[in-house]
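Please keep the 3D view at hand.

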Amino acid sequence: MKLFPELEKRYTADQYSAREAQRFAEMIAFGPIVFQASRLMVKYGILDAIRDSNDGLTMEEVASATGLDGYTVKCLMEASLCIGTILVDPETDRFTLSKVGWFLLTDEANKVNMDFNHDVNYEGFFRLDESFKEHRPAGLEHFGDWKTIYEGLSSLPEQVRKSWFAFDHFYSDHSFSKALEVIFDRPVKNLLDVGGNTGKWALQCVGHDPDVHVTILDLPQQIELMKKATAGKPGAERIEGCGIDMLDPSAAFPRDKEYDVIWMSQFLDCFSEEEILSILKRAADILGPDSRLCIMELLWNRQRFEPAAFCLTMTSLYFTAMANGNSKMYYSEDLISLIGKAGMEVETIIDGIGQGHNILVCKKR
């Protein structure tokens with residue numbers, strides 16, 4: 001297995017003493033409770049109050065600062081002390097933030113991930129076992145009767161939809177500036193944005209280059225959302241939509257123009273390997289000799305820092321239980337193999353973009 005250095009160091013040798021391993025195993029066993037207690041410590045403002053104090057706070061002072069009753073404060077703070085998000089001075093009974101608590105409170109990625117897991121995933125994950133056995137997103141039935149979450153995005157409850165898009169955009173938005181440099185390192189007249197979602201990337205493209213025209217290829221309902229989201233925005237007249245069902249292998253990619261770049265961003269992770277191969281073959285069919293297919297994904301094994309790999313492999317299980325039942329965040333060599341089977345080859349891989357994205361630049365063989 002090919003792993004970036006920090007991941008190889010972490011994943012090839014045991015990291016814990018026996019006592020530390022035992023404690024971590026208990027953290028897993030009580031994981032749902034750890035999550036909810038920690039979430040409420042943020043939601044109720046307890047961690048904020050402790051952080052903003054000069055010398056820490058007693059439980060009584062936390063109750064006064066937050067307006068919470070003593071029972072709630074005691075239960076959550078005693079649990080959080082054992083979880084490791086706060087620390088206590090046994091001489092004064094004053095509580096302060098630990099390093100873990102500080103990251104939980106201030107790291108934007110943690111906020112996005114926590115909201116996503118609570119609002120989108122939490123209740124549906126009870127059916128993860130069923131999802132694996134049946135290769136379908138059994139947990140999605142918590143929200144509606146759809147085959148995939150993408151079909152139901154426009155119908156999800158408002159807070160669920162808000163957290164889903166915040167999660168999706170947080171990771172992609174940070175990569176836009178560097179990705180634009182990669183795509184527009186040479187003239188691009190026509191760009192096909194496969195899985196363009198709400199058109200955020202397309203707007204970035206037309207804003208970056210006054211001559212580029214972007215065609216977004218996505219589900220018909222997503223095209224309608226895109227049109228509403230881009231209406232009236234600068235350059236929107238150079239953005240058009242084409243609605244197809246990617247899961248239909250007979251649904252060909254548009255041939256109305258020659259595309260200099262076919263762009264797929266955080267898209268292939270929404271499909272199984274068999275489905276990816278079908279999509280890549282259709283992309284290869286319209287790829288000219290001087291055109292490029294640029295795939296931007298979060299490849300878990302090519303992450304510089306281990307926490308990123310952890311988040312990505314956990315996100316794979318979201319795809320299992322909630323999104324579609326058969327896709328994941330991919331190992332780079334699996335994706336490269338599929339690109340080869342589709343009749344293309346990877347010219348280069350650019351790592352470390354934004355929050356850890358990787359861009360695979362491909363050409364037709």
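Is Cys242 buried, partly exposed or exposed? Cys242 counts as partly exposed because its relative accessible area is 23%, which lies between the 20% limit for buried and the 50% limit for exposed. Bear in mind that this is a predicted model.

**Cysteines**

A disulfide is a covalent bond between the sulfur atoms of two cysteines. The structure holds 0 disulfides. Cys242 is in none, and the nearest cysteine sulfur belongs to Cys205, 17 Å away. Cys311 is likewise in no disulfide, with the sulfur of Cys270 the nearest at 18 Å. Cys311 is also partly exposed, at 30% relative accessibility.

| Cysteine | Nearest cysteine sulfur | Distance |
|---|---|---|
| Cys242 | Cys205 | 17 Å |
| Cys311 | Cys270 | 18 Å |

**Nonpolar cores**

The largest nonpolar core has 64 residues, and Phe253, Ile262, Met264, Leu280 and Tyr318 have the most contacts inside it. Helix 15 (residues 306-323) gives this core its largest share, 7 residues. Apart from this core lies another, of 25 residues, including Val182, Val212, Val214 and Ile239.

Leaving aside residues up to four places away in sequence, Met264 touches Val194, Phe253, Ile279, Leu280, Ala283, Leu293, Cys294, Ile295 and Met296.

Tyr11 sits in helix 1 (residues 5-11) and is partly exposed, with a relative accessible area of 36%.

Conventions. Residues numbered from 1 in each chain as written. Predicted model: local features only at pLDDT ≥ 70, side-chain atom pairs only at ≥ 80, totals over all residues. Heavy atoms only, no water. Helix = DSSP H or I, 4+ residues; strand = E, 2+ residues; numbered from the N terminus. Buried < 20%, exposed > 50% of the residue type's maximum accessible area, 1.4 Å probe, protein only. Core = buried A, V, L, I, M, F, W, Y, C linked by side-chain atoms within 4.5 Å. Contact = heavy atoms within 4.5 Å. Disulfide = S-S within 2.5 Å.
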